[in-house]
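Please open the structure in your viewer and keep the sequence beside it, so that each selection can be followed in both places.

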Amino acid sequence: MALEQVSAAKCFGGTQFVYRHASAETQCDMRLAVFVPPAAERGPVPVVWFLSGLTCTEENFTVKAGAQRVAAERGLMLIAPDTSPRGEGVPDDPAGSYDFGLGAGFYVDATEAPWAKNYRMRSYLERELPAIVGRELPADMMRQGIMGHSMGGHGALTMALREPSRFSSVSAFAPIVSPMNCPWGEKALTGYLGATRAAWRDYDACALIEDGARLPGLLVDQGTADGFLTAQLKPELLEAACEKARMPLTLRRQDGYDHSYYFIASFIADHLRWHAERLG
C-alpha cells in the first residue's frame with residue numbers, strides 16, 4: 001500500500017486516520033487526514049475533500065472543525081490533505097513569511113525555480129492522491145465533493161471549476177475568490193508562476209467563470225468581521241462573476257464572524273448536509 005498509517009482513533013462510530021505516503025508529484029512525503037464513517041463497513045462511501053488555508057496542515061480541520069459527527073451521520077468520508085510539500089530539501093520563503101512557501105502551496109503547479117520541483121499541489125490533488133484514495137480506501141470516487149477555507153477555498157473553487165465532472169458538490173468558507181486581484185494571490189502567483197498574468201487565470205475562480213467554466217451550484221459562507229474581507233477575500237467579485245454568468249451561488253454573509261475555525265465550526269454542519277444532499 002502507498003498509504004502508511006500514522007495514527008487511528010475511534011470517532012462517532014467511525015475512525016479518524018492520519019496517513020503519510022511518498023509523493024511522486026511533490027517528491028517528498030505527504031500527510032493526509034481521513035475520517036472513515038461507520039457506513040464504510042457496508043461498502044464504499046462518498047468523499048468530501050477539505051482544502052485548508054495558509055499556515056495549516058492536515059491537522060487543523062481534523063481537530064478544530066468538529067466535522068466528524070455529521071460526516072458519520074451522513075456517511076461521508078472526509079479527506080484533509082496538507083497545504084504544501086514539506087521536508088528536507090523542500091524550499092521555503094527565505095524571508096520566512098507565512099503567505100509563501102511551506103504551508104502556502106496555493107494549490108498550483110509551480111513553474112518557477114526553485115519551486116517547480118516540489119510545489120505541484122494541483123497535480124498531486126487532481127491526479128496522484130485521488131488514484132491512491134480510490135485504490136486503497138473504501139471511497140466511492142464516482143461521488144466526490146470538495147470544500148475549503150481561505151487559500152483552501154480558492155483551491156476548492158478552482159479545482160471544481162476546472163473539473164466539474166469530478167465534483168458533484170462544492171462549497172467554501174471565506175475563500176480567496178480572485179488571487180489575481182489581492183496581495184496574497186499576487187505574491188503567490190508571481191512567485192510560483194512568474195509575472196505573466198495570463199498564466200494565472202487557471203488559478204482564479206472569477207477568471208475561470210469569466211472564461212466559461214460553470215458549476216451547477218455553489219455554497220459560500222463569509223464572516224462580516226473577517227479581518228481579511230476587504231483586502232484579500234473580496235466575495236463581491238465572485239458574486240458579480242456568478243451573476244454575469246448566471247451561475248447559481250448561495251453566498252451567506254454571517255454577521256460578526258471572523259476568519260477562524262470558530263467560524264468554520266459554526267457552519268460546518270450546513271456545508272456537510274449540502275454535500276450529502278448532492279452526493280446522494
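Leaving aside its neighbours within four places in sequence, which residues is D109 in contact with? Bear in mind that this is a predicted model, then select D109, which you will find in the loop between β5 (77-81) and α3 (121-136). Once those sequence neighbours are set aside, D109 is in contact with Y119, R120, M121, R122, S123, L193 and Y203. Show the side chains of D109 and S123 next, where a polar contact of 2.5 Å joins the two. D109 counts as buried because its relative accessibility is 13%, and buried means under 20%.

Now select F106, one of the residues with the most contacts inside the largest nonpolar core, which has 97 residues. Also in that group are F61, M77, I146, Y192 and L238. Helix α9, residues 261-279, gives the most to this core, contributing 8 residues.

The last stop is an empty space. Rolling a probe the size of a water molecule over the atoms shows where such space is left. The structure holds 1 cavity of 30 Å³ or more, and the largest cavity has about 60 Å³ of space. To see its lining, select Q16, A33, V34, F35, F61, T62, A67, Q68, L78, I79 and A80. At least two of the lining residues come from each of β3 (28-36), α1 (58-64) and β5. Colouring the lining by class will give 8 nonpolar and 3 polar residues, with no charged ones.

Note on methods
Residues are numbered from 1 along each chain as its sequence is written. This is a predicted model: local features need pLDDT of at least 70, side-chain atom pairs count only at pLDDT 80 or more; totals for chains, interfaces and linings use all residues. Side-chain values use heavy atoms; hydrogens and water are left out. A nonpolar core is a set of buried Ala, Val, Leu, Ile, Met, Phe, Trp, Tyr and Cys residues joined through side-chain atoms within 4.5 Å. Buried means under 20% relative accessible area, exposed over 50%, partly exposed in between (1.4 Å probe, protein chains only). Helices (H or I, at least four residues) and strands (E, at least two) are DSSP runs, numbered from the N terminus. A polar contact is a pair of N or O atoms within 3.5 Å; within protein, one must be able to donate a hydrogen and the other to accept it, and residues adjacent in sequence count only if both atoms are side-chain atoms. Contact means heavy atoms within 4.5 Å. On a 1 Å grid over the protein atoms alone, a cavity is a set of points where a 1.4 Å probe fits but cannot get out, and a pocket is an open set with protein on both sides within 12 Å along at least five of seven lines; lining residues have an atom within 4 Å of a point. Grid points are joined across faces, edges and corners, and a volume is the space filled by probe spheres set on the points. Ala, Val, Leu, Ile, Met, Phe, Trp, Tyr, Cys and Pro count as nonpolar, Asp, Glu, Lys and Arg as charged, and the others, Gly among them, as polar.
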